[in-house]
Amino acid sequence: MSPENSINVILAAPNGFCAGVVRAVEIVERALQKYGAPIYVRHEIVHNEYVVDDLRRQGAIFVDELDEVPCGSRVIFSAHGVSKEVQKDAKKRGLFVLDATCPLVTRVHHQVEKLSEEGREIIMIGHLGHPEVEGTMGQIKTLIHLVQNESDAENVMIQNPEKVSYVTQTTLSVDDTSAIVNVLRQRFPHLEGMTKTDICYATTNRQQAVKVIAQEVDLVIVIGSQRSSNSLRLLECAQKLNINAYLINASQDICATWLMGCSSVGVTAGASTPNALVLQVLARLKELGAGSVRTLQVKEEKATFSLPKELQF
């Protein structure tokens, strides 16, 4: 059923691919062009089914672990990063590695190593089981504490409160992370960490944009995978503002009934969502009765990350 009246659509900007995702996807595509198929990729290069399926059609083979990769083959590490053990395993198996880890994640890896060398106890704020968290915590052999929420922050046991630091997953909720850090600071006055946490610019910008458009719309549609941390955080960001919000993989997931009674709809997309899906969603909304589309630019992004030297043309 289509809505009776024309609906205005506000597209949040920035949305979709960030510089780290652009780099990761291009690494796979250029590797396929230079070396030919198959190119193995450990885990999803980014958390988006559309992107993974497209690369699979081009000849990429996605695996869960390195023991699925024939010895001597080329393998790409995903944008989320890997532990030291995975790196050692790749070397032991004689694999030719191309590292697509986002440079902002790599920065956190280096930070963790530096803190460990300084003898500091480390708290990692992030989500259990997320590949980025596993990779970051796997950079060191010393103890690192995982804190997922304020309750964990209230209960985490630190051996040396005078030498404790924190790092964060790059795709967290800015507001939730701030609340967790506040709890930790109350318990550990000597706590040290990044002034603005390690949450990446793209995650921060997209959450800020959702907060802005939420003031003008009746409904927010977030385009992204259920496995995408930054997409889930965009959904939560809208819901916390008491706005009806839905996370969809693609345009076919939109229900016409969502639009009934709406005069305006906001659209955004996670940092691993390609622009093609955004355009398809906008087209589907027009089919369902939406009228004009206005882009609301909250922040301009100019970041770019260079490719590995062996893939630079």
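User: Is Cys 71 buried or exposed?

Analyst: This is a predicted model, where local features need pLDDT of at least 70, side-chain atom pairs count only at pLDDT 80 or more, and totals for chains, interfaces and linings use all residues. Residues are numbered from 1 along each chain as its sequence is written, and side-chain values use heavy atoms, with hydrogens and water left out. Buried means under 20% relative accessible area, exposed over 50%, and partly exposed in between, with a 1.4 Å probe and protein chains only. Cys 71 has 58% relative accessibility, so Cys 71 counts as exposed.

User: How many helices and strands are in the protein?

Analyst: Helices (H or I, at least four residues) and strands (E, at least two) are DSSP runs, numbered from the N terminus. The protein has ten helices and twelve strands.

User: What radius of gyration does the protein have?

Analyst: The radius of gyration is taken over C-alpha atoms, and the globule rule is 2.2 Å times the number of residues to the power 0.38. The C-alpha atoms fill a box of roughly 65 × 55 × 30 Å along the principal axes. For 313 residues, a compact globule would be near 20 Å, which agrees with the value for the protein, 21 Å.

User: What share of the contacts with a separation of 6 or more comes from residues 24 or more positions apart?

Analyst: Contact means heavy atoms within 4.5 Å. Buried residues make up 53% of the 313 residues. Among contacts with a separation of 6 or more, the share from residues 24 or more positions apart is 77%.

User: Where is Arg 74, and which residues does Arg 74 touch?

Analyst: Arg 74 sits in strand E4, residues 74–77. Arg 74 counts as partly exposed because its relative accessibility is 33%. Phe 96 is 22 residues away along the chain, yet the two C-alpha atoms are separated by 4.5 Å. Not counting residues up to four places away in sequence, Arg 74 touches Tyr 35, Ile 39, Tyr 40 and Phe 96.

User: Which residues does Ser 73 touch?

Analyst: Ser 73 is in the loop between strand E3 (60–63) and E4. With a relative accessible area of 16%, Ser 73 is buried. Its C-alpha is 8.7 Å from that of Pro 38, 35 residues apart in sequence. Leaving out residues up to four places away in sequence, Ser 73 touches Tyr 40, Leu 95 and Phe 96.

User: Where does Pro 38 lie?

Analyst: The peptide bond from Ala 37 to Pro 38 is cis, with omega near 0°. Pro 38 lies in the loop between H1 and strand E2 (39–42).

User: What is omega for the peptide bond from Ala 13 to Pro 14?

Analyst: Pro 14 lies in the loop between strand E1 (7–13) and helix H1 (19–35). The peptide bond from Ala 13 to Pro 14 is cis, with omega near 10°.

User: Which residues does Lys 299 touch?

Analyst: Lys 299 is in the segment after strand E12 (290–297). Lys 299 is partly exposed, with a relative accessible area of 41%. Its C-alpha is 41 Å from that of Asp 89, 210 residues apart along the chain. Not counting residues up to four places away in sequence, Lys 299 touches Ala 13, Pro 14 and Asn 205.

User: What is phi of His 43?

Analyst: His 43 lies in the loop between E2 and helix H2 (49–58). Phi of His 43 is positive in a residue other than glycine, near 65°.

User: What is phi of Asn 242?

Analyst: Asn 242 lies in the loop between helix H9 (229–239) and strand E10 (244–248). Asn 242 counts as exposed because its relative accessibility is 72%. Although Asn 242 is not a glycine, its phi is positive, at about 60°.
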